[in-house]
Amino acid sequence: MLFAYLKRGLLAGGVAGIAYGLFMAAVANPLVGYLEHAQHGHAHSHGPAAESVVAESTTALVSIGGGLLWAVFLGGCFGIGLYLFEPALPGRSTGRRLSLAGSGFLTVSAVPWLVLPPSAPGAEQLLTVTTQFLLYGGLVVLGAAVAASGVAAYNRLVGRHRWLAVAGGIGPILAAAVLLPAVTPTIVRHPELSTELLTAYQAMVVLSQGSIWLCIATTFGWLQRRTRHESTATDPQPAT
Amino acid sequence: MTSQSDTVADRIETTRAEIAPTTALAIFGFGAAITFTLVVLQEPLAHESLHNFRHAAGIVCH
């Protein structure tokens, strides 16, 4: 059973990955390139030596492949996670898939971004890379806890009133979104980018990562319905 | 038919019975390898090649 879910998750991740790869090629690669050149000649936070290691076309191509692999990886995680946690997730089949996708987005991306926001090229990091990774790891754990407490609150309140349960589920997420940026110092600075450009850039990052999860959940559901139709047509009594 | 009444503990139990530890280790290792390459690896060649992806995906890279 787990393998069926894992396979479906990887397939769904592949579909999302193709879409994300196209997005990388059409939007993200040119935008990152533009931001890099727009700030050239000023402070090099990446260092001029590092930029000449690989050709720009190589970076573009490998980044597209990286995007594809990233979505496949998230899809695999989604498949395994859905198999294990399906009984505990709120809603019926679609609701469960969407709440897991939302939890995944919160864990991997959204909650860590509250402290370590997505950095555009030319950003000044105030922490070393090692510290950032440790911090990121801690924030992933925190994100998982936020998502889990939201789900737990929903499940506890759903017997009383549906909208009360929805509010209870969103509560921990809102609390994290308000508290985390307020209590943590700014550790990424973009001295050379205008606020509008930075906001647009970060919105692109947030929306594209959210879209990957949404695409995985939707494609997974479509694959699951299709398999169910096939298995009921050919094999009326599947082994339990 | 997927039964809707089972619990998370049941699912973990089924997985434990179904999947050999070596298989689980292989799946986990594969996932760890992907994460490491895409997110953590600082080796200049790989790092620079994935530069656009890491910025676009909001991964803490440098």
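A nonpolar core is a set of buried Ala, Val, Leu, Ile, Met, Phe, Trp, Tyr and Cys residues joined through side-chain atoms within 4.5 Å, where buried means under 20% relative accessible area with a 1.4 Å probe, protein chains only. The model before us is predicted: local features need pLDDT of at least 70, side-chain atom pairs count only at pLDDT 80 or more, and totals for chains, interfaces and linings use all residues. Side-chain values use heavy atoms, without hydrogens and water, and residues are numbered from 1 along each chain.

I begin with the core. The largest one holds 57 residues, of which A:W70, A:F78, A:I212 and B:F53 touch the most other members. Both chains contribute elements with at least two residues each, among them α1 (2-38) of chain A and α2 (21-40) of chain B; helices here are DSSP runs of H or I, at least four residues, numbered from the N terminus. The leading contributor is α7(A), with 10 residues. Leaving aside residues up to four places away in sequence, A:W70 touches residues including A:I212, B:L38 and B:F53, contact being heavy atoms within 4.5 Å.

I turn to the interface. Here 35 residues of chain B are in contact with 53 of chain A. The two chains bury about 3,700 Å² between them, 68% of it on carbon and sulfur atoms; this is accessible area (1.4 Å probe) lost on being put together, summed over both.

One salt bridge is counted between the chains, namely a side-chain nitrogen of Lys or Arg within 4 Å of a carboxyl oxygen of Asp or Glu. B:R11 forms a salt bridge with A:E86, with the closest N and O atoms 3.0 Å apart.

Key. Chains lettered and ligands numbered in written order. Buried < 20%, exposed > 50% of the residue type's maximum accessible area, 1.4 Å probe, protein only.
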